[in-house]
Amino acid sequence: MNAAVERALGGPLVVGVDGSEPSLRAVDWAADEAVLRGVPLRVVYACLWERYEGAALARDIGKPTALPLAQDVAGAAAERARVRHPDLKVTADVVFEEPEYALVREGRNASALVVGTRGRSGIAEMLLGSVSLAVAAHADCPVIVLRGSHDKRATPPVRRRVVVGVGEEVKEPEAVRFAVAEARRRGVPLEAVRAWRCPAHESTDHPLMSGEPARLHEERAVEEVEAALRDVPADIEVRRRTVEGHARQVLLAASHEADLLVVGARRREGHFGLQLGRVAHAALHHSACPVAVVPQQA
């Protein structure tokens, strides 16, 4: 098992809040998820107001300092989680730092990070905010972005399946292991989906060769799914699907029938850009259900 994944198994579930409605829905979902995992919930509100403006400016304009206001945001979110699950251990903290940096750092000791989409209106909420994107691209732990009609809850499952995308050359399928654990917690089947395509340059007009390249690519996809699932415990119900088409389109279609879509994101040492593949990027922007981005070494 990947050392980072193993280290984080018993860590708290961290949820990022900012007082917006999407972030409060993320708190509800994260509270359910923390109960499922049997771990504490840590609520984090990261902002920059006091760091750059300072308490002196607040006094000059006759306003309270940012600290009480920020504590109100974090405290209200924590209380919301406690009301939802009275037995859940909940802590809250305010960090005066760029939210993406603060949350990525929090993720080093977390079992997972949960964040909402941006915006307070229905139109804006369809877009993925820069904080959510940056956290998903750089965190050391799985990041769950609350997209789609999750109805503010992780349980009970609505569509009764967890979907995981299987990519090429799966060497350490951390995403599959994460998806297995999520399916077990919810008591639902795991659906492994592998998209495949036959490159145009491999097609042929010869009648005796018609369909042969496509069949070979499909067979390879089946083999890759079996390889990714080879260590899945026998008590997990697994459904296997290989679908011809672009991976992004195939997984987005599958998200309409899932409670959670799990995708892997390769982490490359020394690379400082967005460490997300095209499939994960598309899922984060367009999925119809919550998306879990699971880091895995390239």
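Helices here are DSSP runs of H or I with at least four residues, strands are DSSP runs of E with at least two, and both are numbered from the N terminus. With that in hand, let's start in a loop: Pro156 has its place between β5 and β6. What kind of peptide bond joins Thr155 and Pro156? The bond is cis, with omega at about -5 degrees. The loop between β5 and β6 also holds Arg160, which is not a glycine and yet has a positive phi of about 60 degrees. As a rule, most residues other than glycine have a negative phi, and most peptide bonds are trans.

Before going further, a word on what you are looking at. This is a predicted model, in which local features need pLDDT of at least 70, side-chain atom pairs count only at pLDDT 80 or more, and totals for chains, interfaces and linings use all residues. Residues are numbered from 1 along each chain as its sequence is written, and side-chain values use heavy atoms, with hydrogens and water left out.

Is Arg160 buried, exposed or something in between? Arg160 counts as partly exposed because its relative accessibility is 43%. Buried means under 20% relative accessible area, exposed means over 50%, and partly exposed is in between, using a 1.4 Å probe and protein chains only.

Now step back to the sheet. It is an open one of 10 strands with mixed pairing, in the order β3-β2-β1-β4-β5-β10-β9-β6-β7-β8. Two strands are said to pair if DSSP finds at least two bridges between them. The edges are β3 (90-96) and β8, each of which pairs on one side only. On average, neighbouring strands of this sheet are turned by 25 degrees against each other, direction ignored. In general, strands of a sheet pair through backbone hydrogen bonds, either parallel or antiparallel.

Take β5 (residues 143-146) and look at its two faces. Val143 and Val145 lie on one side, Ile144 and Leu146 on the other, and all are buried. Strand β4 (residues 112-116) runs parallel to β5 and is joined to it by 4 bridges, with Gly116 opposite Leu146. Strand β10 (residues 291-297) runs antiparallel to β5, through 3 bridges, and here Ile144 faces Ala292.

How many residues of β7 are buried? The count is 7 of the 7, so β7 is largely enclosed by the rest of the structure. Leu190, Ala192, Arg194 and Trp196 point one way, while Glu191, Val193 and Ala195 point the other way. Strand β8 (residues 238-244) pairs with β7 over 7 bridges, in the parallel sense, and Arg240 is the bridge partner of Ala192 there.

Helices come next. Helix α8 (residues 174-186) lies across β5, β6, β7, β9 and β10, running at about 145 degrees to β10. Such angles run from 0 to 180 degrees between N-to-C directions, and axes are lines fitted to C-alpha atoms, for helices over the stretch in contact. Contact itself means heavy atoms within 4.5 Å.

Glu33 belongs to helix α2 (residues 21-37) and counts as buried because its relative accessibility is 0%.

Last stop: α11 (residues 278-286) and α10 (residues 247-255), whose axes come within 9 Å and cross at roughly 35 degrees. Ala247, Arg248, Leu251 and Leu252 of α10 make the contact with Arg278, Val279, Ala282, Ala283 and His286 of α11. Within α11, Ala280, Ala282, Ala283 and Leu284 are buried. The buried residues of α11 pack against α7 (130-138), β5, α10, β9 and β10.
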